[in-house]
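Please find below some notes on the model, arranged as numbered points.

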Amino acid sequence: MRFPIPLVAGFVAIVLTPAVACRRQPTGRTADAGSLAVTPPGETKADRGIHIALLYSSNLQGEFEPCSCPSHPVGGLVRRSTVNDRARAETDGVLIVDAGDMLLPEVFHGRNLQPPHPTEVIRRARLILGAYARMGVHAILPAERDLGIGPARLKDLLKSQRVPAVASNLFDRKGQPVFDRDRIVTIAGIPIGIFGLVQPQPQDQELWTKWEIRATDPTTAAREEIASLKARGARMIVALLHLGPAGAARKLLEDAPGITWAVQGHAGRQLETPETVSGARLVEAMTMGKQAGRLDIHVVDGTTSFSDRGERAQVIGIVEDHRRQLVDLEHRANQDKTNQLRDYYKLRRDGLTASIVKELDLIRRLPTSVKGSWYENRIIALDDSIPDHPGIALLVAGYTTESARRAAAGLPVGITLRNPSDPVVHPPPGPGYGAKP
């Protein structure tokens with residue numbers, strides 16, 4: 001019997017909380033050091049097959065450089081591009097997609113603050129889309145923080161930067177699709193269909209009226225796309241979903257079966273273990289470009305029904321972490337000459353020991369090999385262990401140099417909302433962000 005990783009993680013969290021530590025410890029024989037030291041069998045064996053990396057992102061929110069976190073700055077387009085290139089070197093092909101909210105940190109609703117100057121909005125959009133073009137992105141889904149530039153202007157930018165966009169349920173006032181409804185790309189000889197769905201949020205309805213676009217029912221659009229893409233030869237289907245809270249994506253996957261992989265935007269979740277819904281695997285990699293999502297897909301003997309090879313590896317990783325905690329705990333207990341924390345150390349030791357015993361038992365029951373096609377998912381922190389990509393670094397350097405020049409001239413810089421009381425010299429006015437196309 002296979003137990004899902006969330007169950008293991010939940011058990012681990014319960015064992016290590018102080019509330020549980022205060023409970024009566026179970027009676028009976030405790031595990032000896034030898035049983036805890038047993039090394040579980042190595043990684044799960046599987047045939048390589050055709051290896052494709054699905055590199056996914058969403059919720060970038062206009063960020064292009066590492067966060068200003070003092071202890072562990074992460075993120076940046078220059079690092080993400082390096083991750084993409086590494087995947088190219090390690091696989092038979094890569095598929096790169098984004099599920100929306102790339103270009104703006106928020107959508108302007110006209111309350112107390114003013115939107116950033118249009119010049120800055122367009123400058124930042126060109127930087128991000130230029131980087132996406134150099135990365136070789138296969139499809140992006142325009143969402144509200146992208147449409148905020150204005151649909152017509154966004155289309156022009158995407159065309160000029162040669163970044164493909166898909167939005168299956170977005171139509172203009174004439175009933176014409178605003179962007180391509182879908183596309184099929186062939187990666188390592190396998191045709192993969194991609195489509196995208198976006199749903200307006202209640203607070204944005206006025207903006208959608210200004211933009212003069214509408215979104216049709218996403219479930220109906222998804223069913224049409226799945227049927228169309230399969231009829232046109234797609235062997236796997238990737239859905240880019242920007243539907244609001246996390247439950248909306250799960251509901252769509254339940255109501256529109258036939259999707260292989262689904263990349264979620266807007267919810268801002270980090271799904272180390274993809275959620276399985278009606279046969280689809282749902283993934284998301286947090287916000288602001290701090291992490292990169294990489295889903296390694298191995299197609300064995302042509303089958304497109306996949307098993308998760310990573311489950312056993314994750315439990316093994318948990319065991320090794322708990323063993324390290326146990327060693328550290330013993331060291332600190334030996335350093336405590338007062339014995340004032342003796343009971344605390346015992347409770348922690350018992351909790352960690354119980355966790356390791358249960359985890360080792362779970363590992364023994366999980367299969368040591370996977371037959372047929374399989375996948376592994378990773379959320380990669382874009383920290384300083386990842387070198388900058390030289391080509392994207394040149395783009396970013398040019399942008400930051402121009403920003404410094406503008407700031408020195410007293411011109412507005414950046415794409416955050418502005419306080420109207422702040423004195424600033426504006427360039428000649430242009431059509432505003434959030435205005436009609």
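Predicted model: local features only at pLDDT ≥ 70, side-chain atom pairs only at ≥ 80, totals over all residues.

1. Two strands are taken to pair if DSSP finds at least two bridges between them. On that basis β6 and strand β7, the latter covering residues 190–198, pair in the antiparallel sense over 6 bridges, and within this pairing Val185 stands opposite Ile192 in β7.

2. The average pLDDT of the chain is 85, and 85% of the residues score at least 70. Two stretches call for caution: over residues 1–34 the pLDDT stays under 50, and the model has 36 contacts beyond four places in sequence for them; over residues 425–437 the pLDDT likewise stays under 50, with 43 such contacts in the model.

3. The pairing of β6 with β7 belongs to an open sheet of 6 strands, whose order is β6-β7-β9-β10-β12-β11 and whose pairing is mixed. Because β6 (182–187) and β11 (275–277) each have a single partner strand, they stand at the edges, and one side of each is left without a neighbour in the sheet. On average, and with direction ignored, neighbouring strands of this sheet are turned by 25 degrees against each other.

4. With strand β13 (residues 291–299), strand β16 (residues 373–381) pairs in the antiparallel sense over 8 bridges; here Asp296 stands opposite Glu376, while Ile297 stands opposite Tyr375. With β14, in contrast, β16 pairs in the parallel sense over 3 bridges, and the bridge partner of Ser307 is Trp374 in β16.

5. Turning to the helices, how do α4 and α13 cross? The axes of helix α4 (residues 77–90) and helix α13 (residues 390–408) come within 8 Å and cross at roughly 165 degrees, which means that α4 is roughly antiparallel to α13, angles over 145 degrees being counted in that way. The crossing of α4 past α13 is right-handed. Leu77, Val78 and Ser81 of α4 make the contact with Ile392, Ala393 and Val396 of α13, and the residues of this contact divide into 5 nonpolar, 1 polar and no charged.

6. The packing of helix α5 (residues 118–135) and helix α7 (residues 151–161) can be set beside it: their axes come within 9 Å and cross at roughly 40 degrees, and α5 is therefore oblique to α7. This crossing, too, is right-handed, with α5 passing α7. From α5 the contact involves Ile122, Ala125, Arg126, Leu129, Gly130 and Ala133, which meet Arg153, Leu157, Leu158 and Gln161 in α7. The residues of the contact of α5 with α7 divide into 6 nonpolar, 2 polar and 2 charged, whereas the contact of α4 with α13 has no charged residues.

Technical notes. Residues numbered from 1 in each chain as written. Heavy atoms only, no water. pLDDT = per-residue confidence, 0-100. Contact = heavy atoms within 4.5 Å. Axes fitted to C-alpha atoms, helices over the stretch in contact; angles between N-to-C directions. Helix = DSSP H or I, 4+ residues; strand = E, 2+ residues; numbered from the N terminus. Parallel < 35°, antiparallel > 145°, perpendicular 65-115°, else oblique. Left-handed = near helix turned anticlockwise from the far one by under 90°. Nonpolar A, V, L, I, M, F, W, Y, C, P; charged D, E, K, R; others polar.
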